[in-house]
Amino acid sequence: MQTTLPVLLTFIMGMFMIIMFFMPQLGTAESLATRWTTIIWGFAMALGIDSLLLNHFRKIRKGGTQAIHSMALIVAFFVTLIWGLYAWWRYGNPFDAQSSFLWMFRYVYLPLDATMFALLAFFIASAAYRAFRARSMESTLLLIAATIVMMGRVPLGGVIFVAFFIAFMLIVGVYFLYESTKYIGTDRWIRLIVGLFFLSTIVPLFVPSFAKAFANFIPGLADWIMQVPNIAGQRGIGLGLILGSIAFSLRVLFGIERGYLR
Amino acid sequence: MNLFLIAQVFIIPVNQPSVQLEDGRVIIHWSKVDTSVTKYEVYRKAEGSEDVVKIGETTDTILIDTTLKPGMAYLYMVRSFGPDDSTFVDSNWSQPVALKQEKQGEEREYVLGIIAKERFPVLIFLLFFGFLFFYYYNQARMGKEIFIRRLAGLDAIDEAVGRSTEMGKPVVFVHGLTSLDDPNTISAVAILKYIAKKVAMYEIDLIVPNYDPLVLLASKEAVKEGMLEAGRPDVYKEENIMFLTTQQFGYAAGVNGILVREKPGATFFMGYFYAESLVMAETAYTVGSISIAGTTAITQLPFFIAACDYTLIGEEMYAASAYLSRNPVEIGTIKSEDVAKILIIAAIIIGSILATLAQFGIAEDLFNLYKTLWTVTGG
Amino acid sequence: MMDIIGVWLAAFLTLAIMSFLFGDNPVYKFVEHIFVGASAAFGIIVMFNQAIWPYLYEGFTTTDAFLKITTYIAIFIGILTLFRLEIMNYVAPNLTWISRFPIAFVTGVGTGIGIVTGIHGFVFPQIVATFLPLLEKHASAIEIASNLILVLGVLASLYYFYFSMEQRGILKGITRLGMVIIMITFGAAFGYTVMARVSLLIGRIYFLISDWLHLVR
Amino acid sequence: MNRIWTIIEKFGSIDRRIIYALVFLATAIPLFFNVRIPMPVSPEVKSAYEAMDKLKPGDVILISTDYGPSSAPETQPMLEALLTHAFRKDLKVLLMTHWRFEGLIMGVEGLDKIARKFNKKYGEDYIVLGYRPGVTAVMIGMAQDFRNIFATDNEGKSIESYPMYKEIAGPDGILNYKDVALIIGLEAGAIGNAWIMIVNARYGVPIIIGTTAVSAPDYFPFYQSKQLLGMLGGLKGAADYEQLLNITGFASRGMVSQLAVHALIIILIFLGNLSDIARRFRS
């Protein structure tokens, strides 16, 4: 009973929403769903506060330096809550233009939120440095697509891209030529040819008009990647995951999948 | 005659008139805003056209238009005249009304009397998918084995929990930001239960910071039940399934704090993530944890792929709970997704071929017909 | 005056969060706890102010009977969540299972609506959008190639998720093509985001050197 | 030679803290200098500039700041550049928002800053109308009379009480869209659509949109169909506008930071791959 009844409720609600969707004359199913979930969410918030505060009261009781931090958390929670409620009562709306709650929003909440968000600029650099290594075909494609799009979006990006293209080909080419001196016979010839191939790719770039055309080509290429392969990939993944979500949702509605509940 | 010209504004114009369709007539109604008005004239135009027709004048604030053509949408406007007959001012155009419409003002047709016509293709698709679903469900129940290829990300879960045990470190499970009404989160809770079972066997801590109170509720239930099923209800610690905050970056800050202080051996990111994904995944990397991510958020997948050891991409996330359960009946239903995929592929190939032929003037009608079959309208 | 205090406070908080980059430290830990506490309360205020209270108010005052009834149903289901409060573990431990009803309710509503809106809003429009001509009379070579790559890319990346078959031979080739398209997608999405993230950092640093230190104006 | 390769191999394991420091410096240093990368101005920004430039002193522009702090790094420079242009030309500015409190904070901040620079006075050269709920209802209500919606300004005073009101309201004493020469919508979301589809389509007021790089593609079709006189997209759009005004503002310097960080990331990727190659060849 402790499982069957909830599963039955899931089934009934799911079917109700599906029927409502096909009979829009009854009302908008989506807005009803949002309304319901939001109100229930409001009550469930009591559990959230319960969990957060009790956890930190426990930590305060344990003592140590953690107690200070937990105390700060609880004080911050109540100061914000009471301030917000007071402003709501005093100005009719906590976010009224005159409301003092905006001070707290502007000078406490906003810098914290924005700085946490801004940390992404650092992490994106370190993640790119670590992950974009040409170790397999997959990671090479990831690397190439990312660098082209990245450089296609800033002024002079194409020029920088060309500069690094030349530097990379030069280093690899010279390395092969150097290696070839250590070998004899076919091994030497292979390395010599490979080295010369890499070097030859940069020769046309010494013609200024060609180098310029190549640099100007990068932003267009970046746009093309965003509009063609990127859209194709997103659409393919998207279609697959909707099908997956339908099958998963049917498993949930018919009680075949109960892992989330029991 | 330019209707938008206002000679002298001594009168306050009528607001937008309200229009109502009743028995094939339109009732145009407006409220009196200026007492100095001597008469009103009502004008009409068809939607998308600029031909304005005067349909009558009155001193009242209501007028009935009986000269409508079905299938056309009309807009109405009221011109108020001042005392000297040459001073007038126009209202805004009304909402469009069309003869076929119902009272609510939306055009609607029905199939079988009750099902909205524009949504009927969705019903066909759903019934078809439902048929496939139950067909393979029954096949699996009757003992037909259905093959599922290996999913590296899911096999790695056991490995990650195992490694965490060897190192004597806790396991952290991070939820995404959507609530329990998102199938992605429901799937994540099912995965959480599987992890709870594994963790209970090895007696290490499982820490679950939460963003959404409803997910908190489900997580408590799932972890408790998982540990009960593993025969170790004593391992369950209520305080480890904790709530943090409902704000995106506050949550990320809290999770980062947990990651750097608990130094988990394995971290799982499961659910629907937004920009905070990389903040947390990079932190997990820096503390030396194995991290496994799973999300259907296409925009965040690149960051998980860059920062995590294993990533469940899109649909794999939904197959996860069936795959992990090793229950042949659940696995069987995955086959229905695959068959639907083949059908969509076929539909796109046919569509493209028809589109190509239509370019060269061959069977254009067929292409248009085929296209309408797949078009659902009405938001 | 309040603004000057505010700017200094904001600068302190900004630097405290940034200090996390160089490892955990007591200042970050302290600010992180404040952030979690304050944002939890902030979230409650925002959510109640902008969504829950308007919904409840509308539900109580409306003359629409259906809306009224559904509001009361939601409130009733909402109250059931309270059976999972920690105090219930002591008061009524064998009733905590009642809190499964709200879980079941929300899951049912969410999956039900998700199934139909997914088909309606994504599957059909995206399929129609892929009906592209593979050859055109007056198109350039690039346009034709783009259409071909788009159609094949969608098919291959969808096929990549075909689970119930071992991929061999030509099928393995298609899966491989799917992987190529997916990787380009991810690479492009990564590269595309860098600029927006750097903009955010510029915003923060500009706050520090301009609003706070007045080094630049 | 071997020693060189050993050094190159080390490029593959640069400590993340060094990377963080480099990112910080690459972002911060350009902000201190008045440098600008000359770049071709996008045509849509140029037409926005020309639309503003055509206005005569005393003409009224209505700016709607419909964005919050999270998109401010991109949209705030647009606001500042457009206001600079407006005050240079002695236009009268009305500011409003559809975004509750965030939009107001950002709008007032930008307006105060630029007005101070040009010595403009509140009530004489600009008025902050503030926020009212109900996006389309507000827009439609304003068509008749701004006082229907904004009877009082952001500070709670009647808008008629300001000397600027009489100047801009014209002989009929009613302020509505007919008195507005140009609307500028700075948008982080979809409210710009309502400005275009309601106010431009119904009342014929010309519109310029400034938006984040992410939303720019959504508005571009309106520019192509001439429903927008011009548009500014992302930091690049703001930098273009600054270039046309010949000032080196936040956006221009920001573009240098962008370039520096992008270049840094590509250098890092380059070094990482170089070290990988070195390792593979040696083993």
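Okay, let's start with one pairing: Leu232(D), in S6(D), is the bridge partner of Gly210(D). From S5(D), the chain passes through helix H10 (residues 216-224) of chain D to reach S6(D), and that β-α-β crossover is right-handed, meaning that the path from the first strand over the helix to the second runs clockwise when the strands point away from the viewer.

Before I go on, this is a predicted model, so local features need pLDDT of at least 70 and side-chain atom pairs count only at pLDDT 80 or more, while totals for chains, interfaces and linings use all residues. Residues are numbered from 1 along each chain as its sequence is written, and chains are lettered from A and ligands numbered from 1 in the order in which they are written.

Back to the strands. S5 (residues 207-211) of chain D and S6(D) run parallel, joined by four bridges; strands pair if DSSP finds at least two bridges between them. Which residues of S6 (residues 230-233) point which way? Gly230(D) and Leu232(D) go one way, Met231(D) and Gly233(D) the other, and all are buried. Buried here means 20 or more other C-beta atoms within 10 Å of the residue's own, with C-beta atoms placed from the backbone.

Zooming out, chain D has twelve helices and six strands, taken as DSSP runs numbered from the N terminus (helices H or I, at least four residues; strands E, at least two). Of its 283 residues, 51% are buried. Chain D splits into domain 1 (2-33 + 258-282) and domain 2 (43-247), with bounds from an automatic or database domain assignment. Their C-alpha centres lie 43 Å apart.

Now chain C. Helix H1 (residues 2-18) of chain C has 17 residues and reaches 24 Å from first C-alpha to last, close to the 24 Å expected, which is 1.5 Å times one less than the number of residues. Its buried residues include Ala10(C), Leu13(C) and Ile17(C). What do the buried residues of H1(C) pack against? Helix H4 (101-131) of chain A, plus helix H2 (26-61) and helix H7 (169-212) of chain C.

That brings us to the contact itself: 97 residues from chain C and 99 residues from chain A, where contact means C-beta atoms, placed from the backbone, within 7 Å. On the chain C side, H7(C) gives the largest share, 23 residues. That side divides into 64 nonpolar, 27 polar and six charged residues; Ala, Val, Leu, Ile, Met, Phe, Trp, Tyr, Cys and Pro count as nonpolar, Asp, Glu, Lys and Arg as charged, and the others, Gly among them, as polar.

Methods. A residue is buried if 20 or more other C-beta atoms lie within 10 Å of its own, exposed if 12 or fewer, and partly exposed in between; C-beta atoms are placed from the backbone. Two residues are in contact if their C-beta atoms, placed from the backbone, lie within 7 Å.
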